[in-house]
Amino acid sequence: MKDAFGAPQSLLVLGGTSEIGLATARRLIARRTRTIWLAGRPSPALAAAADSLRALGADVHTVPFDALDTESHEERLGKIFTEGAIDMVLMAFGVLGDQARDESDPVAAVRVAQTNYTGAVSAGLVCAASLQAQGHGSLVVLSSVAGERARRADFIYGSSKAGLDAFAQGLGDALHGTGVHVMVVRPGFVRSKMTAGLAEAPLATTPEAVASAIELGLRRRSETVWVPGALRMVMAAVRHVPRPLFRRLPV
């Protein structure tokens, strides 16, 4: 259950090496989160991430998780909930892909879609069912402003995030009144290893800033969080730009 400060006492991060996921875990540990599960592909990076959180005083466990191996999700993720209640699940996995390459390599493009959307649908439904069975908890889904409108520069990634965003919103409606809170987080360009080497977009942010927004959104029981907040109005305008003009914008 959440403590007197509104922070979850237990956290499951899907995408255990995600910079945003780890920044969120660090922030919540400072708010008295004590049990952390990091789900990801076994690797030295996952082990190092767990050790870094243990150094902050948390009880940290790792569990094998592959977004593409959807047949294993129910068993592996469901088992975590048998170990004790999970107050918050953060879906932080995803791949950016390479737009130029993926346009000429349908197999690579499909891998982006399967990771970001199909894998998230599977993992999201498994975790939602477990949260509902225990009668409480938050499911936080990392979406992206890229899903708000398809851009020439990243429409494969953006379309996968658009699907994820729509799925998460619908799941939130389905779980309304059950005690389970679903929050969709829409960051803009995040300075991270995933975006290293890319041209930085306006209103760029950091994993720590996204983590701060997630914490505030949890306390407010928000359903949608934009990071930074100014992107809400920017994207509201972008959605209504006529398509011929939109094609000419440097986006």
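Analyst: A residue is called buried when its relative accessible area is under 20%, exposed when it is over 50%, and partly exposed in between (1.4 Å probe, protein chains only). This is a predicted model, in which local features need pLDDT of at least 70 and side-chain atom pairs count only at pLDDT 80 or more, while totals for chains, interfaces and linings use all residues. Residues are numbered from 1 along each chain as its sequence is written, and side-chain values use heavy atoms, with hydrogens and water left out.

User: Why is Arg186 called buried?

Analyst: The relative accessible area of Arg186 is 8%, which is under the 20% limit, so Arg186 counts as buried. Asp165, at 6%, is likewise buried.

User: What makes Arg186 and Asp165 a salt bridge?

Analyst: A salt bridge needs a side-chain nitrogen of Lys or Arg within 4 Å of a carboxyl oxygen of Asp or Glu, and the closest N and O atoms of Arg186 and Asp165 are 2.8 Å apart, so the pair qualifies. Arg186 lies in strand β6 and Asp165 in helix α6, 21 residues apart (helices, H or I, at least four residues, and strands, E, at least two, are DSSP runs numbered from the N terminus). Through shared partners, salt bridges join Glu148, Asp165, Arg186 and Arg239 into one network.
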